[in-house]
Amino acid sequence: MIPAAALLLIAMTMNAQTAPKAAPPPPAPARPYEFPRAVSRTLPNGLRVSVIEDRRLPLVAASLQVLAGHAYAPPQKAGLATLAAALLREGTKTRSSQQIARAVDGAGGQLNATAGNDVITVSMAFMLSNADLGFELMADIVRNPVFAAEEVARQQQQILSSLTVQYASAQYLAGAAAARAILGSHPYAYPGDGTPDTIGALQREDLASFYEQYFAPNRAWLVIAGSLGAEEAFARAEKWFGGWRKQGPADEPLPPAPEPQPRVLVVDMPTENQTHIAVGHAGIPRNHPDYIALQLGNQIFGGSFNSRLNMKLRANEGLTYGATSYFEPSRFAGIFEASTFTRTEKTAEAIRMLVDLLKEYRDNPATDAEFDEARAYLSGSFAIATETASSVAARVLAAEVNGLGTDYWPRYRERLDKLTRADVEAAVRRFLEPGKLAITAVGNAKEFAGALESYGPVRVIPVAELDLTAPDLVKRKP
Amino acid sequence: MRPIDRGSLAARTLLPFVLMTAANVLAADTPPALQIRQTTLKNGLTIVAAEDRSRPVVNLQVWYRVGSKDEKPGKTGFAHLFEHMMFRGSKNVGPEEHMRLVRQAGGAVNAYTGFDSTVYWETFPSHYLERMLWLEADRMASLDVSEENFRKEREVVKEERRLRVENPPYGNLLEEVLRNAYARYPYRHSPIGSAEDLDRATLADVRAFHSVYYVPNNAVLILVGDFETGEAFRLAEKHFGGIPRGKPVPRVRAKEPEQKSRREASLQDPKAPLDAVVAAYHLPPAGHPDSYALEIAASILSAGQSSRLYRKLVYEDQAALAAQGEALFLEGPSLFFGYAIANPGKEIRGILASIESIFGEMAEKPVSQEELEKAKNQILASFILERESMQAKADFLGKCAVLLKDPARYNTEIGRYRSVTAADVQRVVRKYLTPDRQTRVFIHPAPAGGK
C-alpha cells in the first residue's frame, strides 16, 4: 500500500512536469453602457453649440475650436497659429495679461489656448460656483484679444527658448522632420511650433491680421460639459458668444496629401547613442469612410502592446522600449506613421524589421484571432475612453469639427460590430504602400546612414543645417 | 498709452468680484467623498475598495511596498527592472499574456516603479473584475521567467534609460541632484538606476526579490469603480487568499544626517542648450503636518501665471524659460525643488539669487489673504479636476493607503490644506527653505566643440 503522503508527492511531481495552465475566469454579464447624450444647436451668428450634462462633479468645462490652425499659416510664417493662441491669454481690450492670470488662478480655474493642424482650441474648466467667471474670461480672450507688442515679444522669446531646448531632442526632431518627409509641402507638413527663424520674424501685425481673418463664429464650434442642464448651458453660450458678430471666410478644403514616394531623411546628431525612427506615408482625413477599419487594422500592426510591431521589436528582440504605429488624421489629410527608437548600432536592423513587418502586414493584415481581439478591445475600451465628461466633450467636438454626424459616437460600437475581417483586409490593401515609405532617422548618422540606401534616395542633414520650413529642408547659406 | 494699460481700471473692479466668488468656492464646491472600505486577509494582504457605479469601469491597483530605495548597493535600477519581469510570465500566464488578456477585455494595463513603491494597475470594463484579480494573484503567487526573456527585457530597460536619461536635454539632472542632496539615504539614486548595475543583475536576483518583497503582507490591493464591495472582497479572497504569507519584509534603516551647510555641484551637458539650476532643500516625509503648508507655498510660488516665480522670472524679468518651486514628498526624507531654465544670455546665478530672494520674502512676510485663498482654491480644484476618472481616484487612494498609511485620508486631506494659515506658510518657508538645507546644482551647455 502506498502511503497517502507518497501519492500526494507523485501527484505534485506530475503536476510540476505537465504544468497544466489554468484558464482565466470567465467574465460576468456586461453592464450596458450608452454614450452620453449631447444636445446641439446653432446660434444665429453661425456658432454651433453642443452640450453634455454630467452632474458627477461640481465642475463646468467648455472648449471652443476655431478653424485657425497651423494649416492656415504659410510655411514662412510657421508657428503663427501657436503664437496667436499663446497671445489670447495675454491681454484683451479690458484686461491685462496679469489680470487674466489673477482672475483664473484666484478661482482655481483653468483657461488655455493651443493650436493644432486645423483649429485653435480655447478651453476652460472652473468649479461650478465660478462657472460664469470662466465663461466671461473665455469669451473675452476669444473675442477681444489685443496682441500688444510687448506681450508678443515676450511670448516670442518663450517659444524661441523652448525651441532651443526642443532642437536638442532627437525625439522632437524626428516627429517634425517625419511630417515633412511624409507630407512634403502640404499645409499640414510644417512644424506647428514654427522654427527659430519663422518665430523670430513674426510681427504683431501678422498675429492681428491672422486673428481678424479667421476668428469668427461661422468657423467655430463650442462644447460645454459638466454640472449644467442643456438650457442653462445654451443660455451661457448665447450670453457670452451670441453677440460675437463677425463673418469669416467660408470653410474651403485644403489640397489632398501628396502621393507616397520612397525617400530616406537622416538628421545627424552625433551626440546621440539612440536613434529615433519614423516610417510612413500620407494617411487619411478623419472623415474617411475607411477610418474605423484602418484603426482596427492598426491595432493589429502597431497600435497596442501586443501588436506585431511591438512584440517583434520590443518583446522578442529587445531592440527598443516601444514601437507603435498610428494615424494622425486631420480634416483634409493625414499621416500614417510607425515609430520606434533603438541604440545607434541597431538602427539599420530595426528599420529593416519595421519595413518587413509592414510588407507582411499588407499581404496578411489580420488573422481571425487578431481581428477578434482588436475589435473586442476597441469595443470594450469605449466606456473607458469616454469615462470622463472632458473625454466625452472632446469626442463630440471631434465629430462636429470633422463632420462625422451626431450619431457617430452613439452608434460607434454598432459600426464596429458590423465590420468584418474582409473589410479590414480590403481597407489595409487599398491604403498601405510599403514600397513607397518615407523613412526618417535622427541620430548619429555615420553609424547607419550608409545602410539605408535600399529604401530610396538618402539625404543626410546635420542638425545645425536643418530648416524645417525650407523646400529642401536645408538652411540657406547667409 | 498702450492698450494694455486701459485694462487696469477694469481690473480694480474685477478683483473684488474674484475675491468674493473665491470665498464662495469653499462652501459650494466640495469634492465628492468616496465610500471607502478596507479589509485584511489572513495572509496580510490589505484590500481597499471604493464603490462608484457611475460608469461600468473599474481600476485595480496592486501596490507593493518596495521601490528603488530598497535596492542593494551595486544593484541600482533593479526594482524597476523587476517590474518589467512581472509581465514576462507566471505559473498560469505566459510571457506577455497578461497584456493580451487585459486587452481582450477592452482594458488598459501598466506599471510604474518609484522610490518607495511599485504599482501595477489595470482599468477595465467592470464585468472582467474576476479575470483581473486572477491575473494579479497569479503573478504575486509565482513568477516564471526564462533566462532568455530576462536578458531581452534588460535590453528593453536599457533603451528606456537611453530614452529618459542619457539622450534628452537635462535628462541626467535629477540623478545629479539626488546624488548631491542625499548623503546616506538610498534616495541617492533614481529608480532608473545605472546601466552598469543593470548589467550586473541576474535571474537569481529576480527570483530572490520576488520571494522577499512580492508577498501578500507587503502589498495593498486598491479597487475603485463599478462593483458591489462585498462581492469584490469575496473574489479577492478567492484568488489572493491562498497565497502564503511571506517573511517579515526588510526595511530601509538608513538615516539621512541633517544637512549643516550648503552644497554645490555643476555639470557640463553637451545636450543642454540653456543654463539651468536646481536648488533642493530637505523636507520631512509625506503626510508630515508641515507638508500641507509647504504644498500651499509651492502653489503660491508656481501654480499659474500669477504665481510669484512665473510673474517675476518669466513675465517681468524675462530671465527664465521656466521657473518653478515644488515639493517631492516621499515616504522618507523628502525634497523641495526650486528650479529654472535660463533664457539665452541670462545669468543663471542671478536667476537663482532671484528665486532665493522670493523664498526670502515669504520667510520675512506672511503671504496675503488673497494669495492664500488662491492657493487653496487651486488645490481644491485639483482635487476635483484631477480625480475625474476611476484611475485618478485609485491613484490617490493608493497614495493615501500606502504612503500616508490610512485610506480614509482620501476624504480628509483637503481639510488639512484648508486649515493652513498665512503664518503656517511663513513658518515652514523660514524653517525649511534655508541656505543651510540647500543643495544647488547648475547645468551648463558643454563649451562649443566639446571635449
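**Two domains in chain A**

I started with the spacing: the centres of domain 1 and domain 2 of chain A, taken over C-alpha atoms, are 28 Å apart. Domain 1 covers 38-241 and domain 2 covers 263-465; these bounds come from an automatic or database domain assignment.

Before going on I noted that this is a predicted model, where local features need pLDDT of at least 70, side-chain atom pairs count only at pLDDT 80 or more, and totals for chains, interfaces and linings use all residues. Residues are numbered from 1 along each chain as its sequence is written, with chains lettered from A and ligands numbered from 1 in the order in which they are written.

I found 29 residues of domain 1 of chain A in contact with 29 residues of domain 2 of chain A. On the domain 1 side, α6(A) gives the most, with eleven residues. That side has 17 nonpolar, nine polar and three charged residues. Here Ala, Val, Leu, Ile, Met, Phe, Trp, Tyr, Cys and Pro count as nonpolar, Asp, Glu, Lys and Arg as charged, and the others, Gly among them, as polar.

**The six-stranded sheet**

I then traced an open sheet in chain A, with mixed pairing and the order β9-β10-β8-β11-β7-β12. Strands are DSSP runs of E, at least two residues, and helices are runs of H or I, at least four, numbered from the N terminus; two strands pair if DSSP finds at least two bridges between them. The edges are β9 (323-329) and β12 (458-462) of chain A, each pairing on one side only.

I zoomed in on β8 (residues 274-282) of chain A, which pairs with β11 (residues 438-443) of chain A in the antiparallel sense over five bridges. With β10(A), β8(A) also pairs in the antiparallel sense, over nine bridges. I picked out A:Ile277 opposite A:Ala441 in β11(A), and A:Ala278 opposite A:Ser339 in β10(A).

Is β8(A) mostly covered or open? Mostly covered: nine of its nine residues are buried, meaning 20 or more other C-beta atoms, placed from the backbone, within 10 Å of a residue's own.

**The chain A and chain B contact**

Last, I looked at the contact between the chains, which takes 75 residues from chain A and 76 residues from chain B. The chain A side has 33 nonpolar, 28 polar and 14 charged residues.

Technical notes:
Two residues are in contact if their C-beta atoms, placed from the backbone, lie within 7 Å. A residue is buried if 20 or more other C-beta atoms lie within 10 Å of its own, exposed if 12 or fewer, and partly exposed in between; C-beta atoms are placed from the backbone.
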